[in-house]
Amino acid sequence: MIEFIPFIAVVVMVFIGLYAVMFRRNLIKIVIGITIIESGINLFLITLGYREGGVAPIYTGLPPGTAYPEQMVLPVPQALTLTSIVIGVAVLALMLSLVMHIYRKYGTLDVRKIRRLKE
Amino acid sequence: MTLEETLLQHSPALIIAIPLLSAFLMPLVSRIHAKLRNVFALVMLGLTGCFIWLLATDVLASGPRVYIFGAKNLTLPLVRILFEVDSIGIFMAIITIMLAIIAVIYSWSFMNEQDGLDKYYTLLLLVVTSALGMEFTGDIFNFFVFLEISCIASCALIAFWVEEGEALEAAFKYIVVSAIGALFVLFAIGLLYAQYDALNIATLAQALQYTFLDKIVLILLLVVLGMKAGLAPMHMWLPDAYGRAPPSVTLIIISATLASFYGVLRVIFTLYGNVLTTSMRFDFPLHVIIGWVLIVLAIVSILIGVIMALIQSDLMRLIGYTAVAEVGYMFLAIGTTVAALGAPYATVALQGGILHLLNDAIDIGLLFLVAGAIYYVTKKRSLDDISGLARTMKYTTVFFIVALLAVAGMPPLNGFTSKFLIYESVYQLNPILSIVAILCSILMLAIFIKVLYAAFLGPELPALKDVKEAPKSMLLAMGLLASLAILIGLFPNLFIDTLVKPAADALLNHAQYITMVIGGV
Amino acid sequence: MTEMTKIVKTIANILFPFTVLFGLYIIAHGHLTPGGGFQGGAVVASGCALLLVAYSSRWVFKRIKEKRLATFESIGAIGFITVALLGLVFSMVFFGNFLAGSNLLFGTTPATGSTLADFNTGGVLPLMNFAVGVKVIAGLFVIVLVMAYASSVKEWGQ
Amino acid sequence: MNSMEKRTIAAVLAFSIVAVFFFFSIFLIHPFGDLGQVQMDNHIIANTQNETGTNNGVTAVVFDYRGFDTLGEATILFSAVAGVIMIFRRVKE
């Protein structure tokens, strides 16, 4: 069980985010929920690349006697996470600017009062 | 090596690089002169189209091409990103670039009076780039990156008319749905990476063991990509987004939607191609389960699309719901193919589905352009406020009649050919499904006849007395799509033999896709 | 956003150069130590956001327009794709690392295993880091600036 | 109110389905720190220095091995900036 704790943290974060997106009625809270899901997924990716007792895959000032590749963590998940973080920033910026406009238009952030589109 | 060979060899990279570079250059170009950006966008898309033409002639003649980024030769294990262009990819690219060029021609007059046009053209080129990238890429994480580009750029374009609250709501709905969907795709990619330590689609397809995790990955990918393609029950964003975006943008978003549909095809036929015939519990092979699930959802989409279209009074939303129904027809064809994998009519269904993809782009696109022309001259969206336009807008009326006959599947237009192929093959699987599909198609005809009477025929409203015909560039864009619809309707075999059959074969022959990468070392 | 007090302004004045310097250091050493164009760009942009908070967004907006920042961002993006296209010209493949091992600019190949930091390595990677750094600084700053300025305009509820 | 209740029920249903999926999937991944297949990453770690001439494995992946993804990433930021400026284009004094 102990070796799955990081994955459980991932699942908990995704759940919290999904809960916020599905059951909260405030637009800002929905945006925060999406950000929490995204952090959970980033944690998931970075968790996949960890190797027991590994160091960062950087050769500058590597501790002498480190055997590579056996004692280095995987670089690809870190690169994927980096990409994912930047994507998250972009999505967040766009969502928040839409929320600002919606607030100016309707004067509220409540989903129930905004929904003018017919289903 | 001659110049032509060099260009051909690098064309997969250049097809992405040219629209991307022109998108980056657009803020600088639009500072020079306002009209220059239209010309610039058109020229660059035309150049991209030339490269796609060059690549298409080669791919259709001599099989898929692989392009590796950053290295000349393939080495195992595959650490670099690569593009793998086969017949279905190039078929999708042709549709994308065609819609993009027509959208830019249409925007010439349609967007003339708007501000913020440099950003508009930038984002438009970015959506085109992302759709092309999704269609060419052979790397699953790269696919995700392009999916995100298309999501963000389309969302900003949907909110182009920021003064309208509905446009903002549609954009917000779209980005929430797409962002969560994209995160699930990322989770699925993480699961695949954790098991096989690879991100290349061909490598993954070969290594796939069909474990429990792979089942979850399949479900996540199909749900998200099906949602992005507009399949019920997660189609809610589609009528809003289509109906509230400027119609030229809608044309581009259609191409992004079709790229997601292509993603569904790629996941089912290539990524899970090796394990499709694996039996799950109780002797149900995987392909039967996927096939029937897709068929049921497709029928639901068709019914929802047609029934909701029946009660709409907003013209663009009405067309949006029709688009949901058309997506349903495509999924019906794909579901039939997968469910009856191996039977002779499965190939016919796939060909019908792929041809319907092209026809859907043309017909729905033409309908939106006509609706946009009406909005441009009258500034009204509701069908109650427009009447008797046929007197003043003669060409637009003709184009609308072409589009309505095509979308309802009437001969001799393009919709007839593909829908006939779909009905024929679905009938062999289950006659009831085919009858439902035909009935819904007839209902669609009735809906658009109603629109024809309401908007174009009928008494002339005093408020619309000084309405003029749409400007020339809009007529040219609509004319191009209408002539394509007629051309495909009159000579369907020409298109089926040269484009659709190779595309269907490339999808069914997933072993070739894998050996092009793994075997080519 | 309204202007902050003199204390905040003074501290922001002191901190701003150090933040920018640290960000530029992270960008420049991206190929040697943890960091790179995105991370360093984010640090510099956060320094700019500090100015935005201390002085009002109007104050910043009067001095630098979002159009100019957007142009800078475009230039960064064009620089990135140009380096990739130069790979197409010089090593016959898009994204080719044509400088690595060439003994020209950034062309030294480091010894395998644990080495000291040699700035002159990495091929095109430092160039790409620099282009991305310019892009991210301008991009993030313009997002924050535009949103802050919009919320300071009267009709937006302030 | 009826449509609101329906919406809530659908949300609960979707939430629980997703929850079940995520919960089952995490226990089937390899345990934390104990990797399964690593051929691609080992290749990258072993060849970073002589192929890309850089000491930093992550930068090598970001800008060289998967440089095209980074171009896409830069494009995403670019499109977000373009979108934000476009959405706020009407903001005047």
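How many residues does the contact take from chain B and from chain D? In this predicted model, chain B gives 49 residues and chain D gives 36 residues.

**The interface of chain B and chain D**

Let's start with area. About 3900 Å² is buried between chain B and chain D, and carbon and sulfur atoms give 73% of that.

| Feature between chain B and chain D | Count |
|---|---|
| Salt bridges | three |
| Residue pairs in polar contact (both at pLDDT 80 or more) | nine |

One salt bridge to look up joins the side chains of R89(D) and D115(B), with N to O at 3.1 Å. On the side of chain B that touches chain D, two or more residues come from each of α1 (3-32), α4 (117-136), α5 (140-158), α6 (165-196) and α8 (212-229) of chain B. The biggest giver is α5(B), with ten residues. Sorted by class, that side of chain B holds 38 nonpolar, four polar and seven charged residues.

**Helix α3 of chain D**

Now to a helix within chain D. Helix α3(D) spans residues 57-65 and is mostly covered, with nine of its nine residues buried. Among them are G57(D), V61(D), F63(D), D64(D) and Y65(D). The cover over these buried residues includes α2 (39-52) and α4 (67-87) of chain D, along with α3 (75-106) of chain A and α4 (66-90) and α5 (125-152) of chain C.

Notes
Residues are numbered from 1 along each chain as its sequence is written. Chains are lettered from A and ligands numbered from 1 in the order in which they are written. This is a predicted model: local features need pLDDT of at least 70, side-chain atom pairs count only at pLDDT 80 or more; totals for chains, interfaces and linings use all residues. Side-chain values use heavy atoms; hydrogens and water are left out. Contact means heavy atoms within 4.5 Å. Buried area is the accessible area (1.4 Å probe) that two parts lose on being put together, summed over both. A salt bridge is a side-chain nitrogen of Lys or Arg within 4 Å of a carboxyl oxygen of Asp or Glu. A polar contact is a pair of N or O atoms within 3.5 Å; within protein, one must be able to donate a hydrogen and the other to accept it, and residues adjacent in sequence count only if both atoms are side-chain atoms. Helices (H or I, at least four residues) and strands (E, at least two) are DSSP runs, numbered from the N terminus. Ala, Val, Leu, Ile, Met, Phe, Trp, Tyr, Cys and Pro count as nonpolar, Asp, Glu, Lys and Arg as charged, and the others, Gly among them, as polar. Buried means under 20% relative accessible area, exposed over 50%, partly exposed in between (1.4 Å probe, protein chains only).
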